[in-house]
Amino acid sequence: MSFTSLSRRGFLQAMGIAGTAGALTLAGCGSAPAQTEGTDSAEGGATTGAAYKLGGIGPTTGAAAIYGSACQNAIEIAVEEINAEGGAVTFEQQFEDDAHDATQSVNAFNTLKDWGMQVLVGTTTTAPAIAVSEEANKDNIFMLTPSASSTDVIGGQADADGNVTIQRKGNVFQMCFTDPNQGTASAKYIADNKLGTKIGVIYNNSDAYSTGIYNKFDEEAKSLGLDIVTVQTFTDDNATDFSVQVNACRDAGAEVVFLPIYYTPASLILTYANQIGYKPIFFGVDGMDGILSLEGFDTSLAEGVMLLTPFSADAKDDKTQAFVTAYKNKTGDTPNQFAADAYDCVYAVKAALEQGECTPDMSASEICDKLVKVFTDPTFEFSGLTGETMTWQDTGEVSKDPRAVIIQGGEYVSPENATDAASE
Amino acid sequence: MGFLENLINGVSLGSVYAIIALGYTMVYGIARMLNFAHGDVIMVGGYVSFVIASSMGLNPLFGILVAVIVCTALGITIEKVAYKPLRQSASLTVLITAIGVSYLLQNTALLIWGANPKVYTSVVAGWPQLQLFDGQLIISAETVVTICACAVIMIAMVTFIHRTKIGKAMRAVSEDPGAARLMGINVDSTISITFAIGSGLAAIAGVLLCSSYPTLMPTTGAMPGIKAFTAAVFGGIGSIPGAVLGGILLGIIEIFAKAYIGTQFSDAIVFAVLIIVLLIKPSGLLGKYVPEKV
């Protein structure tokens, strides 16, 4: 997931950080990753010498703090559970804040390296993940990101002109769908379920995540015979007034409005659409997840909104229920899909460590080679909160089934269980 | 009809910029400093009224009152702690301090209220909206209230500055702080009063901003604050009617640029217009041109 904005503050912050970054990075270079056992105890981790050192990075401050905090909490829960089991694999974990900033994220990575990190679960957001994945690739430290969904994170994907600008980073894998996959899946879902043929799109063109999904959606929609009647954009700095964009969709007669954006601007779009009495089917992707837990949001505005999401906290299976309870006990909040992805990451790493017959005294690089072998092995399957029998490809992408939900009465409902009245 | 609709949306967005710009222009006009933390005081005002009205379930009007009191106190505190000791320093120092205060407020809000955005319940929720041409044109109650509030505040401020004794002191401080001090005016307390009023206005602006565009985050005030600052410069910084005019024009230009030229360029166009205006009329639309005496 990506958050970019170059406001005055962002710029000043970037300048300030750039000043100190050089010094910090240099300082980090000299010291090799410490592999000594039983160094200082890390927060929330087991302190036995035979534990793997699991690093996490994500924004726990700043505008994207909700995502990093979710990952941090979920990683802590997963590590506590695994350590309590006392099996062959136990973890010692440390989580570093990057404030959704690429430079700070690389600094966080270096901090974790000095600490002796053997596996990285992170980073949470896209732009920092692109920077950190370069470093992780150089240092050969295994990296599994819960939620950085751009293909630039894993690399090796051809752009629209067929050129590969970023080479595949062989040790970087994703737990979430890539942005293009979400775009393709959304277009297919809309066409297969005949939600409408006239499609309006509102996306954030200052955001790599939103733009990436839109581009693939556009491609796929055209080949499926969907008619995109209008494409409207906004930027992070301009995400206040949506009257023009919504009016344009209405005037173009869009039956479905595709919103590959985060839920905060989406809530403003829904509010305005309601104000002018415009009621198309709003179709969102994983960024829409969280709209129902917005404090103070009138959930009736989201009635009938559809979204693709791999995780729903309302699912009734035992695994989800146990996780939701543990998360609520720890934080008081309902977990979002970022938390679920991060939780799955820890368990996937655990499963891979077991299958790869790793031991905690191996170096990060040895573990990395073994984990890459396991993850690219077609027989390695992992079932977690965000999907059953997930597998990974050599490209680093996960394959799991996208799931659509529809919002009814303030809850996620599977479309097949939805009552007809509300889906109109 | 599309044109009228866009015009109304433009005025609606512009009236929010205008009400924020009033606070900027007031503080700049008198204290000659750019209070970049103004946008964040707005955010605090939004949160305080949100806590009173939505979390505690009290009357929203009471929420506005508490927000005004809290923000006024906050404004006075900021001025005392961060700006007053620097009164004799270069204006750049104060500007950097203001940016520091802005970060401090944002991160404090992040600690207190968390990063999760909150949806603000409009203070005029349930009020009827104006419907024209058989409901084809809708003017929301928030827009009407914001425009009225702008007009009332503008008139009240102009009257206050031109008709009262404190207002006279403010004008004197604005013209020449040194001479004002010699005339027996307490420059420090006059500037503190200016900040108090500016921050009180910020609370009202925060409530109206969040009523019109109902998401509340620690960074909510930042971008509207910058746009409103632009509006204040556009209208002529230091001029009270200029702030309102600048705000409304900026809103209209932004919406028209989005609607007729494209959503991708709207900000570029807004700021291009600003550059053109400042090239032709360097003191802004209603600003006074004061030649520097050497």
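Biologist: Where is the place of Y214(A)?

Modeller: Y214(A) has its place in helix α7 (residues 208–223) of chain A; helices (H or I, at least four residues) and strands (E, at least two) are DSSP runs, numbered from the N terminus. This is a predicted model, in which local features need pLDDT of at least 70, side-chain atom pairs count only at pLDDT 80 or more, and totals for chains, interfaces and linings use all residues. Residues are numbered from 1 along each chain as its sequence is written, while chains are lettered from A and ligands numbered from 1 in the order in which they are written.

Biologist: Why is Y214(A) called buried?

Modeller: A residue is buried if 20 or more other C-beta atoms, placed from the backbone, lie within 10 Å of its own, exposed if 12 or fewer, and partly exposed in between. Y214(A) has 26 other C-beta atoms within 10 Å, so Y214(A) is buried.

Biologist: Which residues is Y214(A) in contact with, leaving aside its neighbours within four places in sequence?

Modeller: They are G183(A), V201(A), Y203(A) and P260(A), where contact asks that the C-beta atoms, placed from the backbone, lie within 7 Å. The C-alpha atoms of Y214(A) and V201(A) are separated by 8.1 Å, the two residues being 13 residues apart along the chain.

Biologist: What makes α6(A) largely enclosed by the rest of the structure?

Modeller: Of the 14 residues of α6(A), 10 are buried, and therefore the helix is largely enclosed. Among these buried residues are D179(A), G183(A) and I190(A), and the buried residues pack against α5 (151–154), α7, β8, β9 and β10 of chain A.

Biologist: Why do β7 and β15 of chain A stand at the edges of their sheet?

Modeller: Seven strands form an open sheet of mixed pairing, in the order β7-β6-β8-β9-β10-β14-β15 (chain A), and two strands pair if DSSP finds at least two bridges between them. β7 (227–234) and β15 (411–413) of chain A each have a single partner strand, so one side of each is left without a neighbour in the sheet. From one strand to the next the twist averages 25°, with axes being lines fitted to C-alpha atoms, for helices over the stretch in contact, and angles running from 0 to 180 degrees between N-to-C directions.

Biologist: How do you know that β9 and β10 of chain A pair?

Modeller: Strand β9 (residues 281–284) and strand β10 (residues 306–308) of chain A are joined over two bridges, in the parallel sense; in β10(A), L307(A) is the bridge partner of G284(A). Helix α6 (residues 179–192) of chain A packs on this sheet, touching β8 (256–259), β9, β10 and β14 (404–408) of chain A, and its direction makes about 140° with that of β10(A).

Biologist: How many residues does the contact take from each of chain A and chain B?

Modeller: Chain A gives 32 residues and chain B gives 32 residues. α9(A) gives the most to the side of chain A that touches chain B, with five residues.

Biologist: Over which residues of chain A is the pLDDT below 50?

Modeller: pLDDT is the predictor's confidence in each residue, from 0 to 100; chain A has a mean of 82, and 85% of its residues reach 70 or more. Over residues 2–48 of chain A, however, the pLDDT is below 50. Where pLDDT is low, the predicted coordinates should not be read in detail.

How values were computed. Two residues are in contact if their C-beta atoms, placed from the backbone, lie within 7 Å.
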